[in-house]
2 protein chains.
Amino acid sequence: MLEDRKLEVLRAIVEDYVSTQEPVGSRALVERHNLGVSPATIRNDMAALEDEGYIAQPHTSAGRIPTDKGYRLFVDRLSTVKPLSTAERRAIQSFLDGALDLDDIVTRTVRLLATLTQQVAVVQYPSLSRSSVRHVELVPLSTTRLLLVLITSTGRVEQRVVETGAELPDSLLGELRAQLNASTAGVRLPDAAVRLEDLTERFTVEQRPAVNAVLSALLESLVEEPEERVVLGGTANLARFGPDFPQTIRPVLEALEEQMVLLRLLGEAADPSVLQVRIGHENPHAGLTTTSVVSVGYGTESEVLAKLGVLGPTRMDYPGTMGAVRAVARYVGRIVGEGQG
Amino acid sequence: MLEDRKLEVLRAIVEDYVSTQEPVGSRALVERHNLGVSPATIRNDMAALEDEGYIAQPHTSAGRIPTDKGYRLFVDRLSTVKPLSTAERRAIQSFLDGALDLDDIVTRTVRLLATLTQQVAVVQYPSLSRSSVRHVELVPLSTTRLLLVLITSTGRVEQRVVETGAELPDSLLGELRAQLNASTAGVRLPDAAVRLEDLTERFTVEQRPAVNAVLSALLESLVEEPEERVVLGGTANLARFGPDFPQTIRPVLEALEEQMVLLRLLGEAADPSVLQVRIGHENPHAGLTTTSVVSVGYGTESEVLAKLGVLGPTRMDYPGTMGAVRAVARYVGRIVGEGQG
DNA sequence: CACTGGCACTCTGCCGCGGGGAGTGCCAGC
DNA sequence: GCTGGCACTCCCCGCGGCAGAGTGCCAGTG
């Protein structure tokens, strides 16, 4: 009984603090939530919760605010993901259905997430390594330079300029193009890299330098998993961060400019198909300790292709945000999945 | 003599205000700049400048700050573009020279501009309409869908999924690909659009629906000049905007999320090869009235391919910013120009 | 034993006050 | 036309006091 009420108190504190953004005291707590006890009793519980590190006082004789640990408990045990309203679901669908190509899908998704959650949205492009080769194209730019274009099953297009060193006649180019496509089309990117290995031998010694230049460029595109691109939106919502502003927002904006940081924010979940919540200090970046990240993978049923998520102040509406992130991920996954066929 | 000194006073006010960010008074003015007169004299000049609308007082008995009109005069007649130091020039060069492809060039440029000016940088991708067709590629996705890839002379790649409606056998696909390339390769984009017009007639009536689907998709890519993409960076520098923060930064962040707004910010100069400065209310966007934009076109000697620029508070170092923007534009123009060959 | 009401205490936020300082406008004088 | 001087205005800052909110503790009660 006692333990239960303490948890209930913590839940109430989190909810009130999230909605009012002000430290919450014992009196206000009993008034808003109908816990059937007096403020004094609540005070005892609060003292205990504070001892255990779930809440804290900004100053003596102020109300309590949740700590990161408190939010953690709230997310893990005291809340359930809030499903979206049907109106919201319909809005998501109609907003995403008009998308033309991959760029468009990603752009729309990031906007959608941002407006839905009123926070900063982050969407990663579908990963190369988990998609397969659709087509490889070689386009001559000059006698010794050509453009290598790699098209993947997710609709992504990678391009790269290759210096062949030696001259590359059209006939050879055609042959090479045919060979490349024959041995890689429909194959997973990492596997395709393997297939390239013995391709050199099918060409004459004179041809090899140029061929090898192309091959190694393609290999890099395939293997290096170059720049896993990340797009973000809704930065204007940072303005809602709070009054202790400039110090808070500066490092966040800086962090958001670094692709690497964004990738790490989304990354590293044991099972990426499960909603992941990183709260405050749990984040892998020093500038984001007053910030929480809600992220999840998206893709087909069998596979996660990339991740998306939302970033906001630790004091955020976790159930709502988690619901929105999960719902958007499902829709996007479905759409990207279709493109797979 | 008198007029000259008044201008000198205005110049001094702008410079001091930019560096201190505080209203500047008559005493401080004579101390820092060695105008050979007394504060009382300066006060008379200031009163005149205020009457004419070049400066204003935040409150009675405070110093003066420049108005938009004051900055305008400063930029037009009282300052010269400040050339970069050789160290800076060298840094620009080495930073941009490592670029691999067009994406990379643009990304690096935007970072460079942001760090150089300590402000928000905006770079537009080289325009399609001024470049020419390098290659058109058709890649089958399914029996009735294919991916159209357009590669331009600036290294840009446009992709689009086409629903052909009817089935499109490989042989026809090859024929169509050949025809498309034959009639458009090396041609300016708008001109290429014209060349497509009579292409339909070379195919049989049964083939035409599918062919036309492809043609119209390509036409759109060529003509519509779809999404002239704009990239920005250095948003963290918004944190330096000032203490009257949240109200100021919010609309700016919102404006920066709109591609259309960014385009208009850069756009619409009579001669885009000349540095353009938009000060405060001169901007075409309501949220950016406390903001100035310094922009200029970049490209080859004969042609402007796109624009880039910097956005910051009206209270900015105009000579330095203008110098940096101009220098970066020149280097980028040179690099993009090389790719033209 | 858990809960309650009461009480004393602490700290914040806010208001009004007053002085110092910076800056101005004006005027009389050189 | 420039200058020094002077009175005036207004902002900013620190101070003290007061109300309010919240706490911790304690003694009392079912």
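How many nonpolar, polar and charged residues has the surface near DNA strand C? The legends below take up this and other views of a predicted model.

**Figure 1. The surface near DNA strand C.** By class, this surface has nine nonpolar, nine polar and three charged residues. In all, 21 residues surround DNA strand C. The closest are A:Val37, A:Ser38, A:Thr41, A:Ser61 and B:Gly25. Three helices each supply at least two residues of the surface: α3 (39–51) of chain A, and α2 and α3 (39–51) of chain B. Of the elements, α3(B) gives the most, with four residues.

**Figure 2. Chain A and its overall form.** Chain A has 12 helices and 10 strands. Its radius of gyration is 26 Å, well over the 20 Å that the globule rule gives for 341 residues, so chain A is more spread out than a compact globule. Along the principal axes, its C-alpha atoms fill a box of roughly 90 × 40 × 35 Å. Of the 341 residues of chain A, 40% count as buried. Now take the contacts in chain A with a separation of 6 or more: residues 24 or more positions apart account for 61% of them.

**Figure 3. Chains A and B as a pair.** Two copies of a chain are related by a rotation about an axis and a shift along it. Here, a rotation of 180° with 0.1 Å of shift along its axis superposes chain A on chain B, with an RMSD of 0.2 Å. That is the relation of a two-fold axis. What of the surface through which the copies meet? Of the interface residues of chain A, 92% are also interface residues in chain B, so the copies meet through the same surface.

**Figure 4. A:Gln118, a residue with a positive phi.** Most residues other than glycine have a negative phi. A:Gln118 is not a glycine, yet its phi is positive, at about 55°. A:Gln118 sits in the loop between α6 (102–117) and β3 (120–124) of chain A. Is A:Gln118 buried or partly exposed? A buried residue needs 20 or more other C-beta atoms within 10 Å. A:Gln118 has 17, so it is partly exposed.

**Figure 5. B:Gln21, a positive phi in chain B.** B:Gln21 is a residue other than glycine, and its phi is near 65°. B:Gln21 is found in the loop between α1 (2–20) and α2 (26–32) of chain B. An exposed residue has 12 or fewer C-beta neighbours. B:Gln21 has 13 inside 10 Å, so it counts as partly exposed.

Conventions:
Residues numbered from 1 in each chain as written. Chains lettered and ligands numbered in written order. Predicted model: local features only at pLDDT ≥ 70, side-chain atom pairs only at ≥ 80, totals over all residues. Least-squares fit on C-alpha atoms with pLDDT ≥ 70 in both. Contact = placed C-beta atoms within 7 Å. Rg over C-alpha atoms; globule rule 2.2 N^0.38 Å. Near = placed C-beta within 6 Å. Nonpolar A, V, L, I, M, F, W, Y, C, P; charged D, E, K, R; others polar.
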